[in-house]
Amino acid sequence: MKIAPSLLSADFAKIKDEIALVERGGADYLHLDVMDGRFVPNITWGPKIIGDLRKLSPLCFDAHLMIVEPEKYVEDFVKAGADIVTFHLEATAHAQRLLAFVKSLGAKAGISLCPQTPVAMLEDLIEDIDLILIMSVNPGFGGQAYIPNSLKKVREARALIDARNPACELEIDGGIGRKNVAEVVAAGVDVVVMGSAIYGTPDPAAEIKAMREIAAPVPAGVR
């Protein structure tokens, strides 16, 4: 299991220290939620902020674009330092073209699905995807409650990946914490995004290590 702390839940008044805390805890990715106030009812940051954050950490930057017309902006995010650029299937009419474009820029290309979007919508794209992000809450805000039906989608996505593109990573985002991290990892998740479950604790570094211990009993290869 890889852990991707979401900076949406961090304190930006001391962001350098917040990033250092999760690095010390062994975080694998930094998850960067980009929101435009149109695709989702919230606004966060753009390429300038990500470029500034890039100076603070060598970790893999996992940029999740919750924006309309992502094809207009992906190049800016890659130039700013994003290593993985994930856009929403619901936000673009030409997903395959955009996957290819992101890869041509030297980044990994991911697709995210909102809770109402079935995994079957990715069947004609799976070979071109580097990461599938299952939203286990409705995107737009941190701290929401996990949607239980997400586990079914995780299993469906895992089966699709295993059958046709084993190199693709499977990520989940929304409401993941101590109560359900082992469950989603057992269902096939490779990367777990956690915001308040990490940054909402007194010791984020220790919490990352605790999450790994909770998920560890799942034997490798067992879904």
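This report describes a group of paired strands and the helices that link them in a predicted model.

**Strand β6**

Strand β6 covers residues 131-135, and because five of its five residues are buried, the strand is largely enclosed by the rest of the structure. The covering extends to both faces: L131, L133 and M135 are buried on one side, and I132 and I134 are buried on the other.

**Pairing of the strands**

Strand β6 pairs with β5 through four bridges and with β7 through five bridges. Strand β5 is also joined to β4. The table lists these pairings.

| Strands | Residues named | Bridges | Direction |
|---|---|---|---|
| β4 and β5 | β4: 84-88 | five | parallel |
| β5 and β6 | β5: 108-113 | four | parallel |
| β6 and β7 | β7: 169-173 | five | parallel |

I84 stands opposite K108 in β5. On the side of β7, L131 stands opposite E169. Strand β5 is itself mostly covered, with five of its six residues buried.

One consists of β4, helix α4 (residues 95-104) and β5. Another consists of β6, helix α5 (residues 150-164) and β7.

**Aromatic residues**

A search of the whole structure finds one aromatic pair.

How values were computed. Residues numbered from 1 in each chain as written. Predicted model: local features only at pLDDT ≥ 70, side-chain atom pairs only at ≥ 80, totals over all residues. Heavy atoms only, no water. Buried < 20%, exposed > 50% of the residue type's maximum accessible area, 1.4 Å probe, protein only. Helix = DSSP H or I, 4+ residues; strand = E, 2+ residues; numbered from the N terminus. Pairing = 2+ DSSP bridges. Right-handed = clockwise from strand over helix to strand, strands pointing away. Phe/Tyr/Trp six-rings, centres within 6.5 Å; stacked < 30°, edge-to-face > 60°.
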